Amino acid sequence: RTEATGYGLCYFANEMLTVKKNTNFEGKTVVISGSGNVAIYACEKAQALGAKVVAMSDSNGYIYDAEGIKLDTVKDIKEVKRGRIKEYAAVHPTAVYTEGCRNIWSVACDIALPCATQNELDEEGAKLLVKNGCIAVAEGANMPSTPEAIDYLMSNGVLFAPAKAANAGGVACSGLEMSQNSQRLSWSFEEVDERLKNIMHNIFMTIDQTAIEYGVENNFVMGANIAGFQKVATAMMAYGAI
């Protein structure tokens, strides 16, 4: 469960890249805002998928490491010492620390994963991402992008994965925990991870097909909204509420 939201975020983003741009995380440069639970494990999975994560942040500022973030150091600072992200630069001379967490979107990247807090990615940040060639943004935090930022990204051809779908991995994994408890089963880490990957694949495919069906292909915000509404409405009708 600890890793689920960050892992699920990358699984969703990877699926989106594969289906829509015939590519994936392999060889891509990634910027991740935040350095908490979601950000740390999004970084871990992005690196496992072959990407180079070059920036992470906290509420004070961000670090940029052109050679790639050394996640063990971030984990030690944040999960053990409960320190500030600027301490990373003291350990790794290749890194540069910059005050002001919103400035992280000025770092050139292929994929941006906002995983810190609500409304952290505004229109100005979106413009910087587009200017620097970003091809995909996937939300790990809850509603981290402003409406203006979302509109700008999508109008400029950037694939945008909304939090209501992209960060569903945590809740999904909680559901897997409930299934195990109900059935008195104990699944391995690897089995749970594979189930999570399949769940995120199915979420993306549902959203993508819904967007196509309603004439808004590549608009995953509308796809998620419509698919979510349909699921609730179908359940209400099945229970006789409508």
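This is a predicted model: local features need pLDDT of at least 70, side-chain atom pairs count only at pLDDT 80 or more; totals for chains, interfaces and linings use all residues.

**First stop: helix α8.** Select residues 169–183, which form helix α8.

Next, colour G169, G170, A172, C173, L176 and Q180, which are buried in α8. Why do they lie on the same side of α8? They do so because they cover an arc of only 160° around the axis. In general, an α-helix has 3.6 residues a turn, so residues three or four places apart point the same way.

Now display α1 (4–21) and α9, against which the buried residues of α8 pack. Then turn to the other side of α8, where V171, M178, N181 and S182 are exposed. Finally, select R184, which follows α8 and has a positive phi, near 55°.

**Second stop: the largest pocket.** Select K164, A165, N202, I203, T206, I207, A224, A227, G228 and K231, which line the largest pocket. The space within this pocket is about 310 Å³. At least two lining residues come from each of α7 (163–166), α9 (189–213) and α10 (220–238). The lining comprises 5 nonpolar, 3 polar and 2 charged residues.

Select E139, M143, S145, I150 and K164, which are the closest to its centre of the 13 lining residues. Helices α6 (147–155), α7 and α10 each give two or more residues to this lining. By class, the lining has 7 nonpolar, 4 polar and 2 charged residues.

Definitions and conventions. Residues are numbered from 1 along each chain as its sequence is written. Side-chain values use heavy atoms; hydrogens and water are left out. On a 1 Å grid over the protein atoms alone, a cavity is a set of points where a 1.4 Å probe fits but cannot get out, and a pocket is an open set with protein on both sides within 12 Å along at least five of seven lines; lining residues have an atom within 4 Å of a point. Grid points are joined across faces, edges and corners, and a volume is the space filled by probe spheres set on the points. Helices (H or I, at least four residues) and strands (E, at least two) are DSSP runs, numbered from the N terminus. Ala, Val, Leu, Ile, Met, Phe, Trp, Tyr, Cys and Pro count as nonpolar, Asp, Glu, Lys and Arg as charged, and the others, Gly among them, as polar. The expected span of a helix is 1.5 Å times one less than its number of residues. Buried means under 20% relative accessible area, exposed over 50%, partly exposed in between (1.4 Å probe, protein chains only). The arc is that of the directions from the helix axis to the C-beta atoms. Contact means heavy atoms within 4.5 Å.
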